[in-house]
Every structure is written in C-alpha cells, then in structure tokens.
Amino acid sequence: MNQTLSPERVRADVAELLGCDPAAIAPDDDLVDLGLDSVRIMTLVERWRAAGASTLEFPDLAEQPELGHWTALLTGAAA
C-alpha cells in the first residue's frame, strides 16, 4: 500500500500504543486482545494515512487485528 511504511515502523507504532516492547508482539497475536481498542486503531489509521497510506480505512485494520496482516497490507512484507 505504501513504500514509506516499513515493517519495523508498523510494529513500533503498534507497540507504542500498547505500551510494550515491539519484540513482544507476535505476527499472529490478536491486537485487540492485547489492549488495542477502536480509538487506538483510528489513531494508527490517521498516523499511517499521514505517512502515505492514503486509502487506509478503519475496517482494513479492525476486521483482522493482527500485526502480520497489517504489515502485509501496509508494506507488502511479512511482520
């Protein structure tokens, strides 16, 4: 979706909002179960839109809240 977003950036942004070490998040972890709520997901949507993922929408993330899915969606790479 965007070449300026890296897998490391996606992981770091998610970890920042969860208040945890980026290495603590597995690609298949359910981020909602880890504490990411809809307000934080919208924060990420806005942050990543500003970074160039202009077509990103809330359902793109909310329907499959896993780091691996988000990374592939945003960067085309594995988490």
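**View 1. What counts as an aromatic pair here.** Rings of Phe, Tyr and Trp (for Trp, its six-membered ring) pair if their centres lie within 6.5 Å; planes under 30 degrees apart are called stacked, over 60 edge-to-face, and the rest tilted. By that rule, the structure holds 1 aromatic pair. The ring centres of Trp 48 and Trp 70 sit 6.1 Å apart with their planes at 80°, so this pair is edge-to-face. Keep in mind that this is a predicted model: local features need pLDDT of at least 70, side-chain atom pairs count only at pLDDT 80 or more, and totals for chains, interfaces and linings use all residues. Residues are numbered from 1 along each chain as its sequence is written, and side-chain values use heavy atoms, leaving out hydrogens and water.

**View 2. Where the two Trp residues come from.** Trp 48 belongs to helix H2 (residues 38-50) and Trp 70 to helix H4 (residues 67-75), so the pair links distant parts of the chain, 22 residues apart. Helices here are DSSP runs (H or I, at least four residues), strands are E runs of at least two, and both are numbered from the N terminus. Trp 48 and Trp 70 are both buried, meaning under 20% relative accessible area with a 1.4 Å probe, protein chains only (exposed is over 50%, partly exposed in between).

**View 3. The chain around the pair.** The protein chain has 4 helices and 0 strands, giving the pattern α-α-α-α along the sequence. Of its 79 residues, 34% count as buried. The C-alpha atoms fill a box of roughly 25 × 25 × 20 Å, taken along the principal axes.
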